[in-house]
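Q: Could you take me through this structure, one feature at a time? I would like the general idea before each case.

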Amino acid sequence: MILRAEGICRHYKAGFDGQNRVSLVLTDFGMKRLIEVPYKWTAGAEYWFEASCEGDMIEFFINGKRIFQVEDDRFKRGMFGFSVLGKGEALLSDIEVKEL
């Protein structure tokens with residue numbers, strides 16, 4: 001999930017990041033993992049992702065459970081979107097966006 005995108009080279013990415021890991025990645029003309037946490041996930045299973053960005057606080061939830069909370073002041077606003085960090089695919093449905 002892409003958050004606060006100011007373009008293709010400046011944004012945050014939150015989501016699965018390799019086998020049994022979830023990360024928040026800062027992309028600012030290069031990539032830096034701001035946080036990486038263990039999370040057991042299964043390919044092909046359905047997951048409900050939710051992100052909240054208020055002020056400098058970024059929270060990420062999977063299936064209603066908060067996975068991480070990170071404070072970063074790099075990007076204050078921006079677009080949202082979806083991507084994958086490497087080879088793979090993502091099937092998306094039931095997308096909702098609410099401005100806070």
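Q: Is phenylalanine 75 buried or exposed?

A: Some ground rules come first. This is a predicted model, in which local features need pLDDT of at least 70, side-chain atom pairs count only at pLDDT 80 or more, and totals for chains, interfaces and linings use all residues. Residues are numbered from 1 along each chain as its sequence is written, and side-chain values use heavy atoms, with hydrogens and water left out. A residue is called buried under 20% relative accessible area, exposed over 50%, and partly exposed in between (1.4 Å probe, protein chains only). Phenylalanine 75 counts as buried because its relative accessibility is 0%.

Q: How do I read the strands, and what order do they take in the open sheet of five strands?

A: Strands of a sheet pair through backbone hydrogen bonds, either parallel or antiparallel. Strands here are DSSP runs (E, at least two residues), numbered from the N terminus, and two strands pair if DSSP finds at least two bridges between them. The open sheet of five strands has the order 4-3-2-1-8, with antiparallel pairing. Its edge strands, strand 4 (31-38) and strand 8 (79-81), each pair on one side only. From one strand to the next, the twist averages 25°, the angle being taken between N-to-C directions of lines fitted to C-alpha atoms, on a scale from 0 to 180 degrees.

Q: Over how many bridges do strand 2 and strand 3 pair?

A: Strand 2 and strand 3 are antiparallel, with seven bridges. Within this pairing, histidine 11 stands opposite threonine 27 of strand 3. Strand 5 (residues 49-54) and strand 6 are also paired in the antiparallel sense, over six bridges; there, serine 52 has glutamate 59 in strand 6 as its bridge partner. The hairpin of strand 5 and strand 6 has two residues between the strands, and its glycine 55 takes a positive phi near 60°.

Q: Which residues have the most contacts inside the largest nonpolar core?

A: In soluble globular proteins, nonpolar side chains tend to be buried together. A nonpolar core is a set of buried Ala, Val, Leu, Ile, Met, Phe, Trp, Tyr and Cys residues joined through side-chain atoms within 4.5 Å. The largest one has 16 residues, and those with the most contacts inside it are Tyr12, Val22, Leu24, Phe60, Ile67 and Phe68. Two or more residues each come from strand 2 (10-16), strand 3 (21-28), strand 6 (57-62) and strand 7 (65-71).

Q: What does glycine 15 touch, beyond residues up to four places away in sequence?

A: Contact means heavy atoms within 4.5 Å. Glycine 15 touches Arg21, Val22, Ser23, Phe49 and Phe60. It is found in strand 2 and counts as buried, at 7% relative accessibility. Leaving aside neighbours within four places in sequence, phenylalanine 60 has contacts that include Met1, Gly15, Val22, Phe49 and Ile67.

Q: How many aromatic pairs are there, and how is one described?

A: A pair of aromatic rings is described by the distance of the centres and the angle of the planes. Rings of Phe, Tyr and Trp (its six-membered ring) pair if their centres lie within 6.5 Å; planes under 30 degrees apart count as stacked, over 60 as edge-to-face and the rest as tilted. The structure holds nine such pairs. Tyrosine 12 and phenylalanine 75 are edge-to-face, at 5.2 Å centre to centre and 70° between the planes. Tyrosine 12 lies in strand 2 and phenylalanine 75 in the loop between strand 7 and strand 8, so this pair ties together parts 63 residues apart in sequence. Tyrosine 12 is buried, at 0%. Phenylalanine 16 and tryptophan 41 are stacked, at 4.6 Å and 10°. Phenylalanine 16 is partly exposed, at 25%, while tryptophan 41 is buried, at 19%.

Q: How many salt bridges does the count give?

A: Side chains of opposite charge can pair when their charged atoms come close. A salt bridge is a side-chain nitrogen of Lys or Arg within 4 Å of a carboxyl oxygen of Asp or Glu. The count comes to eight. In one of them, aspartate 28 meets arginine 74, with the closest N and O atoms 2.8 Å apart. Aspartate 28 lies in strand 3 and arginine 74 in the loop between strand 7 and strand 8, so the bridge ties together parts 46 residues apart in sequence. Salt bridges that share partners join Glu6, Arg10, Asp28 and Arg74 into one network.

Technical notes:
Helices (H or I, at least four residues) and strands (E, at least two) are DSSP runs, numbered from the N terminus.
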